[in-house]
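Let's take a walk through this structure together, starting with the overall build and ending with a few individual residues. Keep the view open as you read.

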Amino acid sequence: MVAPVIELRGITKRFGPVEVLSSVDLSLYAGQVHSLAGENGAGKSTLVKILGGIHPPDSGRILKNGIETTILSSADARRQGIAVIHQHPALFPDLSVAENVFVGRQPRRMGGVDWATMRRRSRELLSSLRMEIDVRVPVKILSLAERQAIEIAKALSVDARVLVMDEPTSTISSREVDRLFEIVEQLKQQGVAILFISHFIDEILRWGDEVTILRSGKRIITLPAADLTPEQTVRYMIGTEPGAFFPKEDAQISGPVLSVRGLSGAGFVENVSFEVRAGEILGFFGLVGAGRSEVAQMLFGITKPDRGEIRVDGQIARPRSPRHAIQLGISFLPEDRHQQGLVLQFPIRANETLPILRQLVHRLGLVDRAREGQIARDFTARMRVVATGVEQRTNTLSGGNQQKVLLAKWLIPSPKILILDEPTRGIDVGAKAEIHRIVSQLAAHGMAVILISDDAREVIGMADRIIVFRGGVIASESVRASFDREAMLLAAAHATREGRTLGPPMDALVRPVEGTTVSPAGRWRVATGRLMRVPELGLVLALLIICAAVTTREPRFLQGENLEQISLSATLVCIVALGEAVVIIAKQVDLSVGAMVAASAFISAEWLEHHPEGWILSVVLLGCAVGVALGAVNALLVAVFRIPAIVATLGTLAIYRGGVIVLAGGRQISATVLPDSYGDIARIHVAGAPLLVWFAVLLTVGFGLATRFTRTGRNVYAIGSNQESARFAGIGDRRHIALVFILSGLLCGLVGVLWGARFGTVDAVIAPDLHFQAISAVVVGGVSIFGGSGSVYGAALGALIFAVLQNGVQLLGINRFWLQAVFGAAILFTVLFYSHLARRAERAERQSRRSQQRPGRIP
Amino acid sequence: MTTGGRSTTWWHGSLARWEIFLLFVLIGTFLCGAQTSRYFLTSSNISIALAGMTPAAIVALPMTLIIVTGEIDISVGSIIGLCAAVMAVCLENGLPVEAAMLLGIVIGTLAGFINGLIVVYGALPSLVVTIGTLALYRGIAQIILNERGFSGFPQWYQDLGFGTIGATPVPWSSLIFVVLFIGFAVFLHATHWGRALYAIGNNLGAARFSGINVKRSLLGVFIASGAMSSLAAIILTAYLASARSDTAIGLELPVITAVVLGGVNIFGGAGTLPGVLIALLVLAFVQNALGLAGITPEEQQIVTGSVLIVTLIVFGAADILRKTRITLWRSRGVTRSTRD
């Protein structure tokens with residue numbers, strides 16, 4: 001008898017008074033898939049979290065290969081060979097595929113990150129899964145299925161012996177599900193033990209070798225999949241006779257309420273025509289991306305169609321916006337309950353009345369509370385929502401109840417046409433049945449319903465007619481009497497029109513063609529490769545243009561002395577900008593830099609004044625120490641107390657600046673009282689250029705190398721791209737955030753010391769706008785304010801550009817009061833420009849992917 | 001602490017916990033102030049304190065709305081400076097005061113409109129945009145006014161900033177503020193437009209899909225910010241009896257401090273105006289008491305910054321507690337539903 005790779009014995013977990021898991025046993029064997037079934041709240045996700053190291057069990061034992069072990073954290077789970085793939089892959093959108101696979105564990109060579117090896121190994125891993133994805137592209141352009149593949153590659157890269165897949169198929173198309181199934185077969189052959197969790201009973205029985213069913217935290221039974229039927233499975237899951245899955249009521253179907261002719265738009269929807277009659281449920285079936293939701297969004301006024309005619313009750317309708325669509329009598333329950341459906345912080349009442357609130361008002365827009373409460377209570381009761389009352393906050397409800405609230409919300413406007421996009425996705429069997437019952441009743445009372453679903457059984461059970469979408473067009477249409485599940489699935493994946501076959505033969509679709517994973521990478525790189533390299537190149541270009549422009553008006557610009565002035569004035573801002581760049585890459589911001597520089601400058605100058613015989617090095621150390629201390633306070637506030645950086649540094653800006661002013665008491669320390677050796681720092685030249693400039697260049701290159709070739713540097717990018725994923729991956733996000741603030745402080749401390757050397761006079765109000773100059777330099781330098789991308793070289797170039805601008809303004813005799821306005825305009829212009837670029841890139845990528853999703857179109 | 005949708009009605013029971021706490025702090029401030037100096041409770045001192053806080057208070061009203069929607073406007077100080085500069089230039093050139101005021105209001109509203117335009121239609125983060133306009137607007141103010149200043153305001157104008165109503169200690173500017181406050185409070189807490197702002201701050205996607213015109217709402221709050229900044233410019237220049245291009249530099253700090261102290265969540269979606277009002281009073285009288293105790297404006301700045309930080313630490317802790325409670329709630333709720 002082979003020993004299980006992982007054995008859970010008697011696992012119990014409590015949250016407060018609630019026992020979420022009661023003495024659950026589970027065994028996973030190498031090369032086998034173990035399916036886990038159960039309703040919402042049965043304990044599946046808690047079990048996953050325990051295996052993944054996120055929660056420790058309250059009692060029970062975990063044995064790995066027969067030896068007892070504890071899993072301390074998600075990083076520890078990975079170390080022990082357990083990899084968990086969540087429903088929404090925790091990846092880093094701005095980082096490349098290769099980096100995502102090896103995040104936190106990048107291969108190293110001679111102390112630095114080995115990019116070549118990283119790329120090669122990630123390519124190999126993905127190939128072993130028969131996925132050909134260009135490992136250099138950023139993950140944000142990839143589809144969900146491709147991201148799951150990357151997660152699996154990640155798991156393989158740590159030699160995971162146990163793979164936990166938490167609802168991997170809920171949001172991907174059937175074709176992608178088949179592909180995933182293939183990958184799982186590969187993994188089985190490699191001897192990996194797999195725990196597979198899904199809502200789909202079919203998949204549970206098809207994928208699993210063994211099935212365990214949980215109910216209310218207890219293990220009900222474990223059986224070989226071959227010994228279970230779907231009906232039996234459901235019975236074990238809900239504990240009683242399942243009854244009718246789909247209680248379809250007979251409805252009187254009358255005239256057309258909605259008629260659509262020749263609808264085209266959203267880039268790929270072509271010539272869609274259909275009708276929905278009162279009392280009728282029309283099903284939209286198809287793969288993800290086939291165009292069903294896009295059609296619905298056009299009907300609801302979210303996107304504008306390019307062509308076509310929509311008629312509601314015979315009248316031409318052109319829904320301009322959701323509000324207009326609601327007025328036309330159309331209600332739309334969107335696919336994504338959390339992002340598009342509910343305001344989770346609102347009470348049930350506020351959520352339900354949101355679409356029609358402007359009708360529940362007295363004069364002056366004041367809300368009529370009484371009527372609002374009445375309507376909410378009425379509909380909440382009708383939907384049989386389980387809650388303490390309409391004031392309960394929606395985020396405390398279960399998934400099924402939330403969906404019912406959403407349904408109530410869209411019924412309150414008394415729509416003629418109700419469009420439901422995946423209304424039962426991700427909720428338990430009991431709630432699913434209730435929603436089906438409600439929808440049937442609505443139709444029976446005369447509503448026209450469009451039901452969008454990629455669950456063939458659901459659509460067949462509920463609809464009177466079904467339209468199958470494929471690649472943006474209607475592939476087939478059928479009526480209830482002649483529903484054929486196989487024909488529908490075929491139509492969704494492979495359409496025939498007038499006998500002519502569109503697209504590759506069906507075999508090819510079911511079994512993936514060699515090495516043809518849809519990878520838009522090639523097209524993306526071409527479209528954006530040049531654009532994305534623009535930040536540094538474009539900056540140099542802009543710099544040259546400005547220099548040329550100024551020189552033509554004032555040739556003195558290119559004189560050695562002037563160039564030296566420029567480079568010197570850029571130096572100090574550049575060094576601060578390096579720190580600010582790293583802070584912004586980590587998705588933070590530091591507004592206190594000017595104040596930190598002033599503090600360091602004043603304290604070190606004052607020390608030097610009283611210790612003129614002291615070593616310059618000690619001054620430098622003192623200044624740096626001041627900077628580090630102040631930066632550490634920022635670090636404490638943001639990393640430990642979780643105060644948003646913008647307000648934290650706004651506060652410390654005031655405190656530090658006020659502190660220096662108080663400390664200085666109005667005094668000014670001028671160069672005359674300071675030793676010559678101090679001022680020499682700024683005067684020394686090496687190889688024709690000032691020492692300070694060499695120093696800044698060195699620091700820039702140093703930071704550039706560190707952010708590219710050290711694990712810490714790459715981790716900062718990861719954290720900036722997705723802080724939560726970073727935490728999951730075991731990268732101490734708080735540690736790194738603290739680090740970037742301390743670093744910023746250190747650099748400011750350094751600049752503070754240099755300030756006195758460069759400018760000669762030090763008082764409490766120096767560098768009043770430095771935070772502004774630094775952030776401008778960083779933003780202009782192409783570092784995204786959203787974090788996760790950009791380079792310190794860009795920030796340095798940005799600082800240089802501003803220094804050139806400043807010098808140019810002076811030389812050309814332009815009123816110096818124009819400077820700040822010019823700076824402000826420069827920021828706005830650059831940010832608009834970069835965002836325009838990014839949107840162009842995104843659009844190009846979307847076009848290329850769509851044209852590849854329509855086999856039958858010659859690429 | 002006020003959180004989430006329940007804050008749409010500020011008088012809702014336990015919801016007002018933070019406001020009540022602030023009220024105690026305000027009372028405490030008065031007691032301490034009275035201890036510190038015997039001038040504290042005099043009518044002239046109170047009117048100075050109130051008059052001094054009015055410009056920031058007026059700007060705090062639309063700032064609350066902006067932060068509730070999840071955005072921010074750091075350029076308010078510069079808009080005030082710009083309006084002050086515009087008015088000064090008008091008055092230098094002999095225009096009547098009323099015309100200068102009107103033009104100032106137009107310019108301020110326009111500045112706010114441009115902020116909104118870039119944020120909404122450029123789809124850019126408001127932080128970066130308003131950092132840019134902070135510089136741009138201040139720069140324009142400097143261009144048109146350079147280092148000059150205007151101080152020849154007529155008496156009635158100066159009364160707006162400094163004068164009191166009859167024999168009472170209540171300044172005219174406070175009356176203006178109270179009227180504006182009532183308007184904004186009703187708007188935010190009792191109208192459907194106000195609730196739309198909370199929806200936007202909590203879940204932009206859901207707000208959009210629910211038929212809320214998100215673009216118009218956001219544009220509106222930025223315009224309001226610009227318009228109120230122009231009013232604040234009038235009151236501030238009246239109070240200082242001077243209009244310069246560096247008027248109101250750094251005003252965004254006390255404004256944002258007051259809003260955050262008042263219980264408005266910096267990430268959006270929660271907070272009340274009455275809370276902000278109490279916070280404004282607390283800050284005004286704390287600064288006033290400190291001033292009477294001989295503490296310089298710079299030291300007061302330290303206090304303001306510290307207040308901001310301490311408030312946020314407290315909120316951060318409370319937030320963590322709340323999230324833990326919700327996790328427990330959910331597991332309770334889930335168990336209930338499976339027994340359906």
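Helices (H or I, at least four residues) and strands (E, at least two) are DSSP runs, numbered from the N terminus. By that count, chain B has 13 helices and two strands, while chain A has 31 helices and 26 strands. The radius of gyration of chain A is 32 Å, close to the 29 Å from the globule rule for 859 residues, so the chain is as compact as a globular protein of that length. Here the radius is taken over C-alpha atoms, and the rule is 2.2 Å times the number of residues to the power 0.38. Along the principal axes, the C-alpha atoms of chain A fill a box of roughly 100 × 70 × 60 Å.

Before going further, please note that this is a predicted model, in which local features need pLDDT of at least 70, side-chain atom pairs count only at pLDDT 80 or more, and totals for chains, interfaces and linings use all residues. Residues are numbered from 1 along each chain as its sequence is written, chains are lettered from A and ligands numbered from 1 in the order in which they are written, and side-chain values use heavy atoms, with hydrogens and water left out.

How much of each chain is buried? A residue is called buried under 20% relative accessible area, exposed over 50% and partly exposed in between (1.4 Å probe, protein chains only). In chain A, 57% of the 859 residues are buried, and in chain B the share is 58% of 340 residues. The accessible surface, from the Shrake-Rupley method with a 1.4 Å probe and, for residues, with only the protein chains shown counting as cover, is about 34400 Å² for chain A, with 56% of it from carbon and sulfur atoms. For chain B it is about 12800 Å², with 69% on carbon and sulfur atoms.

Next, the contacts, meaning heavy atoms within 4.5 Å. Within chain A, 72% of the contacts with a separation of 6 or more are between residues 24 or more positions apart; in chain B, 77% of contacts between residues at least 6 apart join residues at least 24 apart.

The two chains also meet each other: 86 residues of chain A are in contact with 75 residues of chain B. Together they bury about 6800 Å², 70% of it on carbon and sulfur atoms. Buried area is the accessible area (1.4 Å probe) that two parts lose on being put together, summed over both. On the chain B side, B:H192, B:R195 and B:F209 lose the most area to chain A, together 12% of what that side buries.

Now zoom in on chain A. Helix α29 (residues 770–780) has ten of its eleven residues buried, so it is largely enclosed by the rest of the structure. Among the buried ones are A:F772, A:I775 and A:V779. Just after this helix, A:G782 takes a positive phi of about 95 degrees.

Helix α25 (residues 691–709) of chain A holds A:T700, a buried residue at 8% relative accessibility. Beyond its neighbours within four places in sequence, A:T700 is in contact with A:C574, A:L578, A:V792, A:Y793 and A:A796.

Finally, visit two loops. A:L364 lies between α12 (348–353) and α13 (369–382) of chain A and is exposed at 73% relative accessibility. Although A:L364 is not a glycine, its phi is positive, at about 60 degrees. In chain B, B:A123 sits in the loop between α4 (97–121) and α5 (126–145), and this non-glycine residue has a positive phi near 50 degrees.
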